[in-house]
Amino acid sequence: MAYDESDKYYLEKVQLELETDEDFIYEEVPIDEDFVVGEYDEDLDIAVRTIRESIEDEQATARHESEARASVTQTPEIIDDFVRNFLVRMGMTRSLDCFQTEWYELQQKGLLHEEDVGIVPEVYTRNQDLDMEVKFLKKEVEKFRSAALKAKETLVKIRKDRDYHRMHHKRVVQEKSRLIEDFKRLKRHFGQYEPTLQQLKSKYEVAMKEKMLAKLERDRAVGQVTGLQSTLKNIESYKGGSARSSHDNTCQHGSLDSSQTDPGPTQQMLRAEREKYVKDVQQYPEDYKRHPKDSEFPVDTGVNPYLSMSKSPSSHLTRTGGFRLSNTFQAHAHPISGLALHPRKQILASCSDDHTWKMWAVPSGDIIMTGEGHTDWVSSCDFHPSGAKLATTSGDTTVKIWDFNKAECVHTFTDHSLAVWSCSWHSCGDFLASSSMDNTAKVWDLNSLRCRYTLRGHADSVNSIEFLHFSNILLTASADKTLSLWDARTGLCAQTFYGHMHSVNKAVFNMKGNTVASCDSYGVIKLWDVRTIVPIIG
């Protein structure tokens, strides 16, 4: 049979990848040249015929297997067998014996007809099958019910476990949130140490500088005294009595007359160093010029004009139970940190941690005005001596001046670096003093709107500050366990009181100004005599 190249048909060209198995050893098979087929492509007819033959072989094999398998035929059940099977299934043996005896007697006598011994009707067989199926299904239902009960118990247990783990997860989340907040608070707290350390470092450097200057001044003074003594001895040796009289004058007046003795280089250096030291303490630059709007401090007479008006308290106040409650009202939603009474009217000002201050009519408790502007808790407030303004301090490091006529904040001082604790007006109304957590107190000028002096000397937070009435003296209380008296005109510390063992929270003058009362964080109150600088009580 010859093939032509034009009679070739392709179903689909597929490239098969051969699987390689390197571990398998192939056996070499010799090639029989008699069965070598020529190289040609398979056509469609041969492929179809091959498929048809394989299908016919499969059908023949299946037919052969079906013929070889034994067939089971089910014959319908006759009536007597049906009855016998029923009695056997029910366990009725005596009834079965009686039935068989009577059945065979009737069959021998020929009294049974064909319809009596025929096949059992299909409905009875079907009912019996259904009955058996119902019993089987009931057993299955019971089995599934027990399985369902077990599954229900397992589900309840799983739900309990789920609720427990959910509650535990919520507790863990809350604990995590609390720890995160603690970490943030600690981070902020630690971040505040850096400026404090810088301040301590600068204070240490200033203190060391002052120490070196004082030591240098002492050494130079000692050298000067030694030189003067040697000069005097020389004069005495040459001039006798005149030199001795000159020495007496020198001892009486404490220095030599410039017309008789010119200042030497040591005196000039000492005078220049002293002037430099004073400038460094007051922090005045060399080209310092007074601000044109700076206020003048009033003359400090030390006399309180209201002292003569003070009288002993009424008898109804001194006896037991003399005071009584006039009114109680809800002023703020957060803790109240400070109060101030108006100097001329029945008005009370309160400041709170809710970032506001309020004015109330007393004793009715009617609200008059509310001030909003601070971004943190308001720590204290104080009325201007004229009663037309109010000063407030806050944890946002600012001091604000509020004008009641304009009903607004007229100025904000922002020189403090940390929270401001308290403030106090000068009796003239042109100056305001404030104390801060940055270890300093400041004196503000209300005309030039600038800081006139910064009072440095405390080693910890300055908790309170107060002007002595009709005086330029300031009293500060600090967390470094000390109280200090300052001259507001120069910004210098005049005296320091030592005696408290804990942080001093508040200090005030009496009406005469000769006694100071102070209290600390451990509940101790001390009364100090300003003249002797010793505690009277405490």
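Here is a quick tour of one protein chain, from its overall make-up down to a few residues.

This is a predicted model, so keep the ground rules in mind: local features need pLDDT of at least 70, side-chain atom pairs count only at pLDDT 80 or more, and totals for chains, interfaces and linings use all residues. Residues are numbered from 1 along each chain as its sequence is written, and side-chain values use heavy atoms, with hydrogens and water left out.

**The whole chain**

- The chain's secondary structure comes to 8 helices and 20 strands; these are DSSP runs numbered from the N terminus, with helices being H or I of at least four residues and strands being E of at least two.
- Of the chain's 538 residues, 25% count as buried (buried is under 20% relative accessible area, exposed is over 50% and partly exposed is in between, using a 1.4 Å probe and protein chains only).

**Two helices side by side**

- Helix H2 (residues 79-90) and helix H3 (residues 93-109) pack at an angle of about 165 degrees, and their axes are 9 Å apart. Axes here are lines fitted to C-alpha atoms, for helices over the stretch in contact, and angles run from 0 to 180 degrees between N-to-C directions.
- That makes H2 roughly antiparallel to H3 (angles under 35 degrees count as roughly parallel, over 145 as roughly antiparallel, 65 to 115 as roughly perpendicular and the rest as oblique).
- On the H2 side, the residues making the contact include Val83 and Leu87, while Phe99 and Trp103 are among those from H3; contact means heavy atoms within 4.5 Å.

**Aromatic rings**

- Rings of Phe, Tyr and Trp (its six-membered ring) pair if their centres lie within 6.5 Å, and planes under 30 degrees apart count as stacked, over 60 as edge-to-face and the rest as tilted. By this rule, the count comes to 10 aromatic pairs.
- Take Phe329 and Trp360: their ring centres are 5.0 Å apart and their planes sit at 40 degrees, so the pair is tilted.
- Phe329 lies in the loop between helix H8 (315-318) and strand S1 (336-341), and Trp360 is in strand S3 (residues 356-361), so the pair ties together parts that are 31 residues apart in sequence.
- Phe329 counts as partly exposed, at 30% relative accessibility, whereas Trp360 counts as buried, at 5%.
- Trp357, Phe383, Trp402 and Phe404 form one aromatic cluster.

**A glycine in a loop**

- You'll find Gly429 in the loop between strand S9 (420-425) and strand S10 (431-436), and at 6% relative accessibility Gly429 counts as buried.
- Leaving aside residues up to four places away in sequence, Gly429 touches His384 and Pro385.
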